[in-house]
Amino acid sequence: MAFEYAPAPESRSIVDIKPSYGLFVDGAFVDGNGAAFKTINPATEETLAEIAEADEADVDAAVQAARRAFRSWSRMPGKERAKYLFRIARILQERARELAVLESIDNGKPIKESRDVDVPTVAAHFFYHAGWADKLDYAGLGPNPRALGVAGQVIPWNFPLLMLAWKVAPALACGNTVVLKPAETTPLTALLFAEICQQADLPAGVVNIITGAGGTGQALVGHPDVDKVAFTGSTDVGKAIARAVAGTDKKVTLELGGKAANIVFEDAALDQAVEGIVSGIFFNQGHVCCAGSRLLVQESVAEEVLHRLKRRMATLRVGDPLDKNTDIGAINSAEQLARITELSGIGDAEGAERWSPDCELPASGYWFPPTIFTGVSQAHRIAREEIFGPVLSVLTFRTPSEAIEKANNTPYGLSAGVWTEKGSRILHMADRLRAGVVWANTFNKFDPTSPFGGYQESGYGREGGRQGLAAYLKGGQA
Amino acid sequence: MPTTAPTDPAAGLASYSEVTKDERALRRFLHGLPGVDQVGAEARAAALGTRSIKTTAKEWALDLAIRMVDLTTLEGQDTPGKVRALAAKALRPDPSDPSCPSVAAVCVYGDMVAEVKSVVGDAVNVAAVATAFPSGRAALDIKLADTRDAVEAGADEIDMVIDRGAFLAGRYQQVFDEIVAVKEACQRPDGSHAHLKVIFETGELQTYDNVRRVSWLAMLAGADFIKTSTGKVQPAATLPVTLVMLEAVRDFREATGVQIGVKPAGGIRTAKDAIKYLVMVNEVAGDDWLTPDWFRFGASTLLNDLLMQRTKLTTGRYSGPDYFTLD
């Protein structure tokens, strides 16, 4: 008899979503001048709230507020700034369940991920950078490094709160003030974070949060009084930003797309490699810039790995993001679903073989089943372009050098994974893989102490760790 | 390893006769099994432990867990009276609720088999530990005599221990031959045989690679069940060790067509833990293993917690431990 898990929904009652939200500028919520837009729950298509749109004047007001706040914030002793960051980190922990539920409602990601990964890592980033605030002299950037000024930060919808933490925590620890624009489909946790800044008595103007779409982001990164631009998102937008800031003295870090190779050798611990393949591509519905979206498996074990992978995929539970037993939640937007559907269709047309386990998808909302394509070659578009969804392309290799050649044959270079029980092979591969992060016998692990960033079209600059501080300080290079 | 199950289990097993023909072949085979990554296996076990089993699923799981318990007492101080009381509890774990199922078996030392049998008859199985339990340190003929005694006394199941010293020293053939010999000693005159559970004492084998190897070794030697621990050594059963064993029985059935049972024993004390094991069985080996024929809990205190949780689900209230019988 089958073990049917009864629904185990996390309660929504802990979050209080207001009917409408303004912009967070100079420590207070204000109306925006642009046309308000709606944010929806991608699992149900229900409208959650109306969100103000910041126009150029709003952006200017936010940048000016950040500029005013910068004078005192940058001069404040590091240990005093640290107190605010520690306080924010503790409040994030205290309100963890509220943040996790809100993140899952607005983004579509399963509650077990927002609860066990996103929110704890967010708090960890604030704790970690709080520790740096009074130790910047020892960051290896030379004596007495100074803050840059106002940071204009634009973040994506895949990890709304985590990307906010990656951007805001180091900026503040280094003495900068920020104007941050969350993605238009996932603004709610950033706005809740604004409330947390108020709760922590953060001085007005140190953190400003403005909502809107691409135009708002353009106005922010193009604003003449922004000293530093930090962006995480698509390579196309990243290129546009690089063009927009060219010729100015703005410092820029870009964390863009990826098409990571997850390389499984014949001597790998196969059951754990299968887990790593699954978490590499199906974690967060595959909405991960460093997702292991290209599986490179050694030919001698390819059949067995695929058999095990399919069996494992059949146990993945797709559905209500708030159900504690859900493994794969909703695709974040209709637009993204259309892109995943289109690229998968191209995979079919190019002759790759598509497979998904039997799984019933909810009738409303945006859903895509976990999918693998076999018989994929380097020439296929699904092996080259970022799908940003739960779609894995499977390729094979025979020798380590072929694996390296195929793994590096991409315009990207954000991450890679190596699975082998042989330690020397891990080092050999890590030396030769052109990727910002190489995971060995694991995948998609994030830690504030570890720098993260890419090669080539995956962007430049590093976030996290000592190296990440260099992006927010002047006075020497790391 | 072939990826589809052979239709004829005898032929499936026979295809492995080459790997068990001598010490070298056996070693090559066991050392050729894919390794187990410790961090990854523990992370997988922990992730399965976060499944949330509520309401109807919990009701179903609690009853199944009760039906899977091998209610155990293995103490030097065991008396016939205590064993009879345990046997009575195995039949009717909750005397106030006739809908509460019996447990799977009562597990005792060989000399107590007849006592249990006199109470439970054929309604509940009797399992006896044998082969110089728990250390396994005795000559082979003594281990075999121990086994035969228990079978003659009416044991339905024999829980043997392997020679961990031999295994850790790499004398795989010796361990293999011993299991084969004990299995022969489980034969009854009528041609049937007592079910053989092979205890690894995984707390002494320590690595997951060893757990995977010993699982295959025991299955190839004819074990009907593979069991984690005696309960006398810490750590006893853990979720990751059971994960590796469940992967082994799953892979073994795919390779040979032969299904083998799994029994974690020792250290499982709460209903919450038991449910984590059932989730793992469900998602790793599959629901074919979700019956007392193929999965057991070796436990004593676990039963009362299962009963308390069961009563809580039906009445909505917790009762204190005083409302459940002490073994």
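This is a predicted model: local features need pLDDT of at least 70, side-chain atom pairs count only at pLDDT 80 or more; totals for chains, interfaces and linings use all residues.
Chain A is assigned two domains. Domain 1 spans residues 20-256 + 456-474, and domain 2 covers 261-440. The C-alpha centres of these two domains of chain A lie 30 Å apart. In the contact between them, 21 residues of domain 1 of chain A meet 25 residues of domain 2 of chain A. On the domain 1 side, helices α3 (96-107) and α4 (111-132) of chain A each supply at least two residues. That side of domain 1 of chain A divides into seven nonpolar, eight polar and six charged residues.

The largest nonpolar core holds 269 residues. Within this core, A:L85, A:I263, B:A65, B:V69 and B:V106 touch the most other members. Helix α5 (residues 160-173) of chain A gives the largest share, eleven residues. Domain 1 and domain 2 of chain A each contribute at least three residues to this core. The surroundings of A:L85 can be listed. Leaving aside residues up to four places away in sequence, A:L85 touches A:F126, A:H129, A:A130, A:A133, A:A169, A:L172 and A:A173.

Chains A and B also meet. The contact takes 23 residues from chain A and 24 residues from chain B. On the chain B side, the elements that give two or more residues are α3 (38-48), α4 (55-67) and α13 (271-285) of chain B. The largest share of that side comes from α3(B), with four residues. By class, the side of chain B that touches chain A comprises nine nonpolar, eight polar and seven charged residues.

Terms used: Residues are numbered from 1 along each chain as its sequence is written. Chains are lettered from A and ligands numbered from 1 in the order in which they are written. A nonpolar core is a set of buried Ala, Val, Leu, Ile, Met, Phe, Trp, Tyr and Cys residues joined through C-beta atoms within 7 Å. A residue is buried if 20 or more other C-beta atoms lie within 10 Å of its own, exposed if 12 or fewer, and partly exposed in between; C-beta atoms are placed from the backbone. Domain bounds come from an automatic or database domain assignment. Two residues are in contact if their C-beta atoms, placed from the backbone, lie within 7 Å. Ala, Val, Leu, Ile, Met, Phe, Trp, Tyr, Cys and Pro count as nonpolar, Asp, Glu, Lys and Arg as charged, and the others, Gly among them, as polar.
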